[in-house]
Amino acid sequence: MSPTMKRGILDMTLAMVMSGTIGWFVLQSGQSPYNVVFFRCLIGAPVLALLCLHLKAFSESSLDAKRILIATAGGVALVMNWLLLFSAYPLASISVTTIVYNFQPFMLVGLGALFLGEHVSGAKLGWMGLAFTGMLAMTLSGAPIGGQAGLGYLTGIALSLGAAFCYAVAAFVTRRLRGTSPYVIALIQVLTGIVILLPFADFNALPSSPQSWAMVATIGVVHTGAMYAFLYSAIQKLPVILTGTLSFLYPVVAILVDILAYGHVLTPGQALGGAAILLAAVGTTLNLTPRHLLPGTRKA
């Protein structure tokens with residue numbers, strides 16, 4: 001294995017570990033989702049700007065008014081994604097929210113088919129059916145052991161699905177920005193977040209302790225600036241299939257964090273449903289067919 005490949009694997013692993021821990025930082029901050037996302041954007045923006053300057057991303061990006069407008073639209077969808085995701089954590093638990101959030105690939109496939117006329121293969125339809133079955137299993141199984149049950153749990157699942165849809169929209173929009181540095185796109189998106197969330201941020205309910213400020217600052221610096229840096233560095237170094245495979249470290253880490261920090265353990269029904277969703281997401285992301293999962297077969 002080449003040094004470049006090893007560095008890419010390390011970068012992707014770090015990015016996914018960061019992603020998997022963000023739920024804990026959000027809950028420990030004690031802030032409303034509006035405040036968390038606002039400060040994530042406010043603190044993350046200068047970090048991303050420094051990254052852009054260091055990597056000379058501004059000079060290498062073909063920015064014009066149209067591209068800035070598209071990136072801004074993607075920023076609105078991304079901010080909505082964060083708001084819904086962070087609102088779901090206390091309701092459905094970090095683990096359930098993260099698993100449901102992995103519906104993103106299927107929504108992106110649907111957007112591609114609807115607006116770009118992209119062909120949806122029988123294999124992808126099969127994966128979508130498996131994921132939907134897993135979703136039903138998780139919904140009907142109730143809250144995880146130690147978690148909140150009832151209407152709050154179902155609301156959390158609905159918010160998680162909404163977050164997944166908004167992320168799919170952001171990713172779909174970003175597809176039209178090929179040739180523009182992903183760091184510049186991310187910077188425009190968080191700047192968009194600052195503008196649209198400023199009227200909603202509650203400055204009368206700011207973090208009241210150094211620990212709470214540390215949580216918010218970590219989300220801005222580590223989970224936004226550093227995470228983007230490691231993620232995009234990995235994407236540049238690794239083949240798509242390896243990037244897609246390593247991305248599923250994210251829900252694994254989130255489940256472990258939820259168990260260790262809050263004692264939320266998935267019920268057997270949720271575990272089976274979650275496994276179905278994640279397996280289907282792997283299959284869709286890596287463009288696999290069921291025969292690829294059988295021993296002794298190989299990809300065409």
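Mentor: Asparagine 287 lies in the segment after helix H13 (268-285). Helices here are DSSP runs (H or I, at least four residues), numbered from the N terminus. The model is predicted, and local features need pLDDT of at least 70. Residues are numbered from 1 along each chain as its sequence is written.

Trainee: Why is asparagine 287 called exposed?
Mentor: Exposed means over 50% relative accessible area, buried under 20%, partly exposed in between (1.4 Å probe, protein chains only). Asparagine 287 has 51%, so it counts as exposed.

Trainee: What is the phi of asparagine 287?
Mentor: Positive, about 55°, although asparagine 287 is not a glycine. Most residues other than glycine have a negative phi.

Trainee: Where does lysine 56 lie?
Mentor: In the loop between helix H2 (33-54) and helix H3 (57-60). Lysine 56 also has a positive phi of about 55°.

Trainee: What makes lysine 56 exposed?
Mentor: Its relative accessibility is 57%, so lysine 56 counts as exposed.

Trainee: How do you know that H1 and H10 are roughly antiparallel?
Mentor: Helix H1 (residues 3-29) and helix H10 (residues 210-237) pack at about 155°, with axes 8 Å apart. Axes are lines fitted to C-alpha atoms over the stretch in contact, and angles run from 0 to 180 degrees between N-to-C directions. Angles under 35 degrees count as roughly parallel, over 145 as roughly antiparallel, 65 to 115 as roughly perpendicular and the rest as oblique. Therefore H1 and H10 are roughly antiparallel.

Conventions: This is a predicted model: local features need pLDDT of at least 70, side-chain atom pairs count only at pLDDT 80 or more; totals for chains, interfaces and linings use all residues. Side-chain values use heavy atoms; hydrogens and water are left out. Helices (H or I, at least four residues) and strands (E, at least two) are DSSP runs, numbered from the N terminus.
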